[in-house]
Amino acid sequence: MKQQRLIAIVPAWNESGAIGKVVEEIKGLDLVIDVVVIDDASTDDTAAVAESHGATVLRLPFNVGIGGAVQTGFRYALEEGYEVAVRLDGDGQHAASEIPKILGPVEAGDADLVIGSRFVDPDGTYRPPFARRIGIGVFARLVSILGGQRVTDTTSGFVALDRAGIELFAREFPHDYPEVEATLVALRSGLRVTQVQVDMRERTTGSSSITFVRSLYYIVKVMLALLVASLRRYPRLDEARL
């Protein structure tokens, strides 16, 4: 059976303290996987550190935000002919050792998109602050209703995709706080979406861009974006397979 070409897409902005370890962990897996770091116009030496650890680096000329950086990675994967992709963050929160878990259903042909979820198992170890957990729950419930399928962790950002998923997200990927809306886009486009329980770590370097004030903006913005996305018509990939 032909080995499918596999790429790890790692968006990063000012993550020089973490990106080297992230790349090393991915390359240390028992997988044939190419690591591509999308440097979102960092002001530190994120790009140089990533390259020194063996990653291919796409340097963006100006900061486009997480959504634009991730979509750049998917467009690269599409143009370079990759058949399977994993996406994980450059801050070290997503453990590379969990990649085989999210790859499993894709490689078995059972899913187009696998979400690494912190909340499939009620006894999972991840315990976010109460307010954040409430927000995560609200988004998950809303996406489940609008998308017609139960999802538990729409803010994860730790995913695996097959070629159909790569093609969709290279064309349709939200740019402002994208993970929640991207899950809805996938469901409404007919991707076969599943979830697996994964462990995640707290960020060890840098700081989150989400402040209290921005979190309020985030909640309102995402809910409006979800409602707009629910009214859009997307090409049905499941119908194209028939």
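Guide: Here is a short tour of the sheet, a helix, a cavity and some single residues. Keep in mind that this is a predicted model.

Visitor: Start with the sheet. What's the strand order?
Guide: The order is β3-β2-β1-β4-β6-β5-β7. That makes an open sheet of seven strands, and the pairing is mixed.

Visitor: Which strands sit at the edges?
Guide: β3, residues 56–59, and β7, residues 193–197. Each of these edge strands pairs on one side only.

Visitor: How much are neighbouring strands turned against each other?
Guide: By 20° on average, with direction ignored.

Visitor: What holds strands together in a sheet, in general?
Guide: Backbone hydrogen bonds, in a parallel or antiparallel arrangement.

Visitor: Back to this one. What does β1 pair with?
Guide: β1 pairs with β2 in the parallel sense, over six bridges. In that pairing, P11 has I38 of β2 as its bridge partner. β1 also runs parallel to β4, residues 84–87, and four bridges join them. There, I9 is partnered by R87 of β4.

Visitor: And how many bridges link β2 to β3?
Guide: Four, and the two strands run parallel. β2 covers residues 34–39.

Visitor: Is β1 mostly covered or mostly open?
Guide: Mostly covered. Seven of the seven residues in β1, which spans 6–12, are buried.

Visitor: Which of its side chains point which way?
Guide: L6, A8, V10 and A12 point one way from β1. I7, I9 and P11 point the other way. Both sets are buried. In a regular strand, side chains alternate between the two faces of the sheet.

Visitor: How does the chain get from β1 to β2?
Guide: Through helix α1, residues 19–27. β1, α1 and β2 form a β-α-β unit, and the unit is right-handed.

Visitor: New topic. What about α6, which residues are buried there?
Guide: G165, I166, L168, F169 and A170. The helix itself runs over 163–171.

Visitor: What goes on at the start of α6?
Guide: D162 has a side-chain oxygen within 3.1 Å of the backbone nitrogen of A164.

Visitor: Let's talk cavities. How many turn up?
Guide: One of 30 Å³ or more, from a search of the whole structure. About 150 Å³ of space lies in the largest cavity.

Visitor: Which residues are closest to its centre?
Guide: G157, V159, E179, A182 and T183, out of 16 residues that line the largest cavity.

Visitor: Which element gives the most to the lining?
Guide: α7, with three residues. α3 (65–79), β5 (113–117) and α7 (179–188) each supply at least two lining residues.

Visitor: Now R118. Where does it lie?
Guide: R118 is in the loop between β5 and α5, residues 130–147.

Visitor: Why does R118 count as buried?
Guide: Because its relative accessibility is 4%, and buried means under 20%.

Visitor: What do the R118 side-chain contacts look like?
Guide: The R118 side chain makes a polar contact of 2.7 Å with the side chain of D153. A polar contact of 2.9 Å joins the side chains of R118 and T155.

Visitor: Last one: G54. Where is it?
Guide: In the loop between α2, residues 46–52, and β3. G54 counts as partly exposed because its relative accessibility is 41%. That value falls between the 20% and 50% cut-offs.

Visitor: How far is G54 from E24?
Guide: 8.2 Å in space, C-alpha to C-alpha. In sequence, G54 and E24 are 30 residues apart.

How values were computed: Residues numbered from 1 in each chain as written. Predicted model: local features only at pLDDT ≥ 70, side-chain atom pairs only at ≥ 80, totals over all residues. Heavy atoms only, no water. Pairing = 2+ DSSP bridges. Axes fitted to C-alpha atoms, helices over the stretch in contact; angles between N-to-C directions. Buried < 20%, exposed > 50% of the residue type's maximum accessible area, 1.4 Å probe, protein only. Polar contact = N/O pair within 3.5 Å; in protein donor to acceptor, adjacent residues only side chain to side chain. Right-handed = clockwise from strand over helix to strand, strands pointing away. 1 Å grid on protein atoms, 1.4 Å probe; cavity = no way out; pocket = protein on both sides within 12 Å on 5 of 7 lines; lining within 4 Å. Points joined across faces, edges and corners; volume = space filled by probe spheres on them.
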